Amino acid sequence: MLAAILNQNPQTHVSTTSGLGAALDALATTWHREPLLEKNDLDRKKLANAMRGLIHGYYDEITPKPIVIDKARNWPLPVVVSSMAQVLGHKPRIIATVRSVPDCMASFVRVAKPTDLDEFIQKSGLTAHLKSSYQVLQAGYQADPECFLFVEYEDLLSDPRTQLNHIHDFLGLDSFEYDLECIDGSTVKEDDEGLHGLAGLHDIKPKLARQHNESAKDILGHHYGQFCQPEFWLPAPRTVAPLDDLDLQLAASTMGNFEEGKRIAEKLKVERPNDHRAAFNRGWYELRDGNIEEGYKLLHRGHKVGVFGNSQPNSPQPEWNGSSGHTILLQLEGGLGDQLHQLRYTRNLRSNGYSPIVSCSGELVPFIASTELADAVVQHGAEYGVFHDYWISGMSSPMYLGLNRRSIQGDAYIHTDFTVPNKKLRIGLRWSGNKTFEAQHHKLFPAQLFFDAVKRDDVEFISLQRDADLEFKPNWVEDVPLQTWHDTHKAVSSCDLVISSCTSVSHLSAAMGIPTWVVIPIMGYYLYAEPGNKTPYYNSMRLFRQQKYGDWTHPFEEIKSLDYSHELLSR
C-alpha cells in the first residue's frame with residue numbers, strides 16, 4: 001500500500017518484492033568467507049564496486065527516477081548494512097513497515113479463507129516467513145537503530161499525511177501532494193499465487209481506507225498467542241499472549257495435578273479436534289492409562305508441530321505404509337537416550353520379515369553398528385545414500401508396528417560382553433544429563449542429595465558422568481574411561497547396578513539388562529507416564545518418582561532406605 005502511494009511521486013520508484021537484497025547478501029557473505037577475496041580486498045573497495053555494479057545493473061534500465069526504494073526483507077541484515085555503508089558512503093536508510101504480527105497473520109487468513117484454519121497455520125510457508133521477517137528486522141534494528149524509520153500500518157491508515165511527511169524528511173524528498181483517493185495498485189502488482197501460493201495477497205484498493213473491523217483474536221482463535229512476538233519498535237507491547245488452556249494443562253501436569261490435566265485434555269479434544277499440540281498432550285495421558293496404541297497415535301501428531309521427534313529424514317522414499325517384505329529405514333529421534341531406546345524396534349521389524357536400516361546421531365554410529373541390530377547404520381542427514389524402500393520415525397515406532405501394552409517388550413536387547421570380578425558390589429552413578437532437557441523436563445535435583453542417598457561403605461562406585469557437573473563428584477566415586485560410547489558400554493557392563501537421573505546412560509544400562517534405578521520428576525517422560533515404579537519398556541528398570549513438585553526428598557529417602565544386596569538378590 002505504501003509502495004503504491006510513493007510511486008505517485010516523480011522522484012521515487014518503489015519496487016515490488018525484489019531479489020536484489022538477497023543477491024547483495026549472498027555477494028557480501030561469499031566475499032567475507034572466501035580467503036582470496038578477503039586477502040585481496042582488505043579495504044573492501046572491490047566488494048563495494050561489485051555491489052554498486054550489481055545495483056546499477058539491476059535498476060538502470062528499469063526506471064529513470066532519481067531515487068529507488070527497493071522492497072526486500074534482507075536490508076536489515078547487519079552484513080548488508082555494513083557493506084552498503086561503503087557502497088553509498090553512508091549507511092542505508094531503511095523504511096520498515098510494521099504491524100501487529102497477529103494482525104499480519106489474520107490478514108493472510110482473511111485473504112486465504114482456509115476451510116481448515118489449523119492446517120493452514122501449521123503448513124503455510126507464510127507462518128514461518130512472517131515470524132522470521134520480524135526477527136531479521138529486530139536484529140538489524142538492534143545493530144543499527146539510526147538507519148530505520150518505522151511506519152505503523154495503523155498510523156498510515158489514520159494519519160497518512162503525517163507518515164508521508166516523516167518519510168520525506170527521512171529521505172530528504174521535496175514536498176509532494178499524494179492522491180489518497182486514487183491509488184494505482186498496478187505499480188506494485190505481484191504474482192502472489194506463484195510466489196506465495198495465495199492469490200490477492202498484495203492487491204491494493206484505490207482508496208486508502210480501513211477494509212475490515214475483524215479482531216485478530218477472533219480470526220486466529222487459540223493460535224493468536226503464538227504470533228505475539230516482541231514489538232521492539234514500540235515503548236510498550238501492544239499484543240500479549242493470553243493464557244491458553246494448553247498453558248493451564250502444562251502447569252497442572254507439571255505440578256502433578258493429573259486429574260485437572262486430563263480434564264483439560266478431554267475438553268480440548270472436543271473444542272480443538274485438529275489442534276496437534278493438544279492431541280500430543282492428550283497422548284501422554286493415554287499412555288498414563290496404559291493405552292499404548294491410542295497414545296502413540298496422538299503423540300505422533302506432535303511431529304506436525306515440532307514437539308515430538310525430528311523432521312523427516314533426508315530420504316527420497318515415502319513413509320512406510322505397512323507393506324511387507326521391504327527394507328525399512330528406522331530414523332532414531334530425539335536425544336541420545338531416546339535413540340538407544342528406539343533401537344529396540346529393529347527386532348520387531350526383523351521378526352516381521354523386514355530388513356532394518358538405522359539412521360542416528362553421528363556419535364552413536366560406531367556403537368550402534370557394533371550391536372549388529374541393524375543391517376546398516378548411517379548418520380542423520382546421510383539417509384539418501386543408503387538403500388531402503390520406506391522410512392519410519394523412531395519415536396512413533398509402536399504406532400507403525402501396531403504394538404500394544406501386552407506386546408511391548410522389556411527384555412534386554414544390547415549385549416553385555418565385559419565383566420569385572422568384583423569383591424564388592426559395583427554401582428555406576430550418573431547424577432545429571434543434558435542441561436537443556438533437564439530444565440525443560442524439570443529433572444534437575446541437588447547433586448549432594450543424590451550422593452547422600454546412594455553412599456554405602458561396603459560398595460564400590462564408579463562415575464558414569466561425562467562433560468557437565470563433574471565438579472560435584474565425591475572422592476569415593478572412581479573415575480573410569482568414558483571417551484566413547486564403547487567406553488561407556490564397557491563401564492556399564494562392569495556394574496551390578498546403575499543409579500541415574502533420566503539420562504542416556506540409564507537407557508543404555510536398562511537396554512543391556514543391568515539393574516537400573518532412575519530418579520524421575522513427578523511428571524515423568526512419556527516412557528514413564530504409567531504410575532508406579534515400573535515401565536513396560538525395560539524389565540530391569542526401577543523408577544523412583546518425585547511425589548511433590550520442587551521437593552526431591554521422597555525418591556532419595558526411598559533409595560537411602562534400601563539394602564543394595566537384598567534388592568539385587570530378590571530380583
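Two strands count as paired if DSSP finds at least two bridges between them. Strands (E, at least two residues) and helices (H or I, at least four) are DSSP runs numbered from the N terminus.

The model on screen is predicted: local features need pLDDT of at least 70, side-chain atom pairs count only at pLDDT 80 or more, and totals for chains, interfaces and linings use all residues. Residues are numbered from 1 along each chain as its sequence is written, and side-chain values use heavy atoms, with hydrogens and water left out.

**Whole chain**

The chain holds 26 helices and 14 strands. Its C-alpha trace spans about 95 × 60 × 50 Å along the principal axes. Of the 571 residues, 50% count as buried, where buried means under 20% relative accessible area with a 1.4 Å probe and protein chains only, exposed over 50%, and partly exposed in between. Among contacts with a separation of 6 or more, 68% join residues 24 or more positions apart; a contact means heavy atoms within 4.5 Å.

**Val14**

Select Val14, which lies in strand β1 (residues 12-17). Val14 is buried, with a relative accessible area of 5%. Leaving aside residues up to four places away in sequence, Val14 touches Ala3, Leu6, Asn7, Ile69 and Val188.

**The β7-β6-β5-β8 sheet**

Next, show the open sheet of four strands, in the order β7-β6-β5-β8, with parallel pairing. Strands β7 (376-379) and β8 (390-393) are at the edges with a single partner strand each, so one side of each has no neighbour in the sheet. From one strand to the next the twist averages 25 degrees, taken between N-to-C directions on a scale from 0 to 180 degrees, with axes as lines fitted to C-alpha atoms.

Zoom in on β5 (residues 327-331), which runs parallel to β8 and is joined to it by four bridges. Leu330 stands opposite Ile392 in β8, and Gln331 stands opposite Ser393 in β8. Both faces of β8 are covered: Tyr390 and Ile392 are buried on one side, Trp391 and Ser393 on the other.

**Helix α24**

Move to helix α24 (residues 504-511). Eight of its eight residues are buried, so the helix is largely enclosed by the rest of the structure. The buried residues include Ser504, His507 and Ala511. Gly513 follows α24 and has a positive phi, near 85 degrees.

**Cavities**

On a 1 Å grid over the protein atoms alone, a cavity is a set of points where a 1.4 Å probe fits but cannot get out, and lining residues have an atom within 4 Å of a point. Points are joined across faces, edges and corners, and a volume is the space filled by probe spheres set on them. The whole structure has two cavities of 30 Å³ or more.

For the largest cavity, of about 40 Å³, select Leu287, Ile292, Tyr526, Leu527, Ala529, Glu530, Pro536 and Tyr537, which line it. This lining has seven nonpolar, no polar and one charged residues. Here Ala, Val, Leu, Ile, Met, Phe, Trp, Tyr, Cys and Pro count as nonpolar, Asp, Glu, Lys and Arg as charged, and the others, Gly among them, as polar.

The second largest cavity has a volume of about 30 Å³. Select its lining: Arg344, Tyr345, Arg347, Asn348, Leu403, Ile408 and Gln409. By class, these divide into three nonpolar, two polar and two charged.

Definitions and conventions. On a 1 Å grid over the protein atoms alone, a cavity is a set of points where a 1.4 Å probe fits but cannot get out, and a pocket is an open set with protein on both sides within 12 Å along at least five of seven lines; lining residues have an atom within 4 Å of a point.
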